[in-house]
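Open the model in your viewer, colour the chain by secondary structure, and keep the selection tool at hand. The tour below goes stop by stop, saying what to select and what is to be found there.

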Amino acid sequence: MVDDEYLAQRFEEHRGHLRAVAYRMLGSLSEAEDAVQEGWLRASRADSGAVDNLGGWLTTIVARICLNMLRARGTRREAALDVGEYEYVHVPDPVLGPVDGADPEQEVLLADSVGLALMVVLETLAPAERLAFVLHDMFAVPFEDIAPIVDKTPAATRQLASRARRRVQGRVPSPSPDRARQREVVEAFISAARGGDFEALLALLDPDVVLRADAGALPTTKLVRGARAVAEQAQSFRKLAAFNRLVLVNGAPGILAVVGGRVVSVLAFTLGEDARITELNILADPVRLRPLPIPG
């Protein structure tokens, strides 16, 4: 049996990686923390003396926990209802950081960030598909190690990841690689929204842009498609313009609105190769925003 103090020390060395795995699996920062903590409890009760690859072993433990949590959610949290022109959606928890300098608490997550647009698509995958894709495509875990977790053969597990990959590639836009240009576009969006400049907003948007707004309750939780409809919605941001600040949202420039020391909304942008906005994902659910740290 590995000494408890030694195991605890090694677990802490892997905590950031395990949190990153759990976040990509669950799309929830609080649930990711719960999964990692449960992983520690299980690891501390197990005999790890014969484990050659401690990091891989811990990753497997946390992945199993995440898979069970996904299966326990029941109804899928994808677009669940169409009402007129709106579709009601779920936006995963954002990972926030300052635009200048890294936040030590979120450094590991931000260093290897996945955009919120990708996280939205991951929410639509079946639990086993999501696990196979996340572990293999994002963390290079061999299919032979993933197969026992999903109770399938390596070949069947490969097919799970392949199906997930096709869905991701078909729905996640290719982002603009130019971080400086991303920041310019976000700042231009803030300026246009503040001034109520409809034409300037239109010029920043891709014709097929999608806006998701998750306020945690109807009717303000919705999905809007098309540049003109999104620009009309964006003009409603004007009332919060004075409270907006530029932050990193999942590693890319975004907007945080803070009123009276309280986060009231987070807006993440996805830009296409032509630097026009292809997706806007907004979280305005006060319950889920309450625990988010405000980047310095």
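What percentage of the 296 residues of the chain count as buried? The answer is 52%, where buried means under 20% relative accessible area, exposed over 50% and partly exposed in between, with a 1.4 Å probe and protein chains only. This is a predicted model, in which local features need pLDDT of at least 70 and side-chain atom pairs count only at pLDDT 80 or more, while totals for chains, interfaces and linings use all residues. Residues are numbered from 1 along each chain as its sequence is written, and side-chain values use heavy atoms, with hydrogens and water left out.

Now select residues 4–26, which form helix H1. Its 23 residues would reach 33 Å in a straight helix at 1.5 Å a residue, but the end C-alpha atoms are only 28 Å apart; the expected span is 1.5 Å times one less than the number of residues. Centre the view on His14, where H1 bends by about 50°, the bend being the angle between axes fitted to the seven residues ending there and the seven starting there. After H1 comes Gly27, with a positive phi near 70°.

Next, select residues 54–72, helix H3, together with residues 127–138, helix H6, which pack at an angle of about 150° with their axes 9 Å apart. Axes are lines fitted to C-alpha atoms, for helices over the stretch in contact, and angles run from 0 to 180 degrees between N-to-C directions. H3 and H6 are therefore roughly antiparallel to each other, a term for angles over 145 degrees. On the H3 side the contact (heavy atoms within 4.5 Å) is made by Thr59, Ala63, Leu67, Leu70 and Arg71, and on the H6 side by Pro127, Ala128, Arg130, Leu131 and Leu135.

Stay with H3 and show its buried residues, among them Leu58, Ile61 and Leu70; the buried residues of this helix pack against H1, H2 (29–45), H6 and H7 (143–150).

Finally, select Asp214, which lies in strand S4, residues 205–214. Asp214 is buried, with a relative accessible area of 5%, and, not counting residues up to four places away in sequence, Asp214 touches several residues, including His90, Thr221, Asp285 and Arg288.

Key:
Helices (H or I, at least four residues) and strands (E, at least two) are DSSP runs, numbered from the N terminus. Angles under 35 degrees count as roughly parallel, over 145 as roughly antiparallel, 65 to 115 as roughly perpendicular and the rest as oblique.
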